[in-house]
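Trainee: I have the model loaded next to the sequence, so could we go through it together, starting with the charged side chains?

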Amino acid sequence: SKIEVDNCLILEGNKCDFLAIKYLEEAKKTSIDSLYFIELKGSDLRHAIIQIQKTIDKVKKHSEQYQKNLTYRIYARIVLNKEPAPKVNTSEKMKLNNLLKKYKGNLKTQTIKMTELF
């Protein structure tokens, strides 16, 4: 499933553009296997990371109200229009990488186009 987050699921504050959900059994769509937080950005990688982090925090907070131990994987994907400045290794990026590692996911960035097969 693909959900538009920006100005649809979340109306205020920093948020990413899309959330893709991969289910354990695609036909039933009952148990979540993975969440993919997706941001499409010009060249501001740091701001894209902040937007994804804030969206993950909001979704986790909402999910934990219903389920204490989240078992799905969390991934972050950022597609930029232009090459980012070299060595964007901010504390925000390290914080996001640590969170994604906890949920057995990762962060990938790409310029212009990204393809990923589920």
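Trainee: Are Lys-41 and Glu-39 buried or exposed?
Mentor: Lys-41 and Glu-39 are both buried, where buried means under 20% relative accessible area, exposed means over 50% and partly exposed lies in between, using a 1.4 Å probe and protein chains only. Before going on, keep in mind that this is a predicted model, in which local features need pLDDT of at least 70 and side-chain atom pairs count only at pLDDT 80 or more, while totals for chains, interfaces and linings use all residues. Residues are numbered from 1 along each chain as its sequence is written, and side-chain values use heavy atoms, with hydrogens and water left out.

Trainee: What do the side chains of Lys-41 and Glu-39 form?
Mentor: They meet in a salt bridge, with 3.7 Å from N to O; the rule asks for a side-chain nitrogen of Lys or Arg within 4 Å of a carboxyl oxygen of Asp or Glu. In general, side chains of opposite charge can pair when their charged atoms come close.

Trainee: How many salt bridges does the count come to?
Mentor: The count is four salt bridges, among them one between Arg-77 and Glu-116, whose closest N and O atoms are 2.6 Å apart.

Trainee: Which residue forms a salt bridge with Asp-33?
Mentor: Asp-33 pairs with Lys-22, and the closest N and O atoms are 3.7 Å apart. This pair also links distant parts of the chain, with Asp-33 in strand β3 and Lys-22 in strand β2 (residues 18-23), eleven residues apart. Lys-22 is partly exposed, its relative accessible area being 27%.

Trainee: Since we're on strands, how many bridges pair β2 and β3?
Mentor: There are six, and β2 and β3 pair in the antiparallel sense; two strands count as paired if DSSP finds at least two bridges between them. Within that pairing, Ile-21 has Leu-35 in β3 as its bridge partner. Strand β1 (residues 2-4) is joined to β2 by three bridges, and these two strands run antiparallel as well, with Ile-3 standing opposite Leu-19 in β2.

Trainee: New topic: how many aromatic pairs does a search of the whole structure find?
Mentor: The search finds one. Tyr-36 and Tyr-75 are stacked, at 4.6 Å centre to centre and with 10 degrees between the planes. Rings of Phe, Tyr and Trp (its six-membered ring) pair if their centres lie within 6.5 Å, with planes under 30 degrees apart called stacked, over 60 edge-to-face and the rest tilted. The pair links β3 (residues 32-41), which holds Tyr-36, to β4 (residues 73-80), which holds Tyr-75, and the two residues are 39 apart. Tyr-36 counts as buried at 7% relative accessibility, and Tyr-75 does too at 11%.

Trainee: What about α2, which residues of it are buried?
Mentor: They are Leu-96, Leu-99 and Leu-100. Seen down the axis of α2, the buried residues fall within an arc of 95 degrees, so they line one face of the helix; the arc is taken over the directions from the helix axis to the C-beta atoms. On the other side, Ser-91, Asn-98, Lys-101 and Lys-102 are exposed.

Trainee: And just after α2, which residue takes a positive phi?
Mentor: That is Lys-104, with phi of about 55 degrees, in the loop between α2 (91-102) and β5 (107-111). Lys-104 is exposed at a relative accessible area of 60%. Most residues other than glycine have a negative phi, yet Ile-112 also has a positive value, near 75 degrees. Ile-112 sits in the segment after β5 and is exposed, with a relative accessible area of 57%.

Key:
Helix = DSSP H or I, 4+ residues; strand = E, 2+ residues; numbered from the N terminus.
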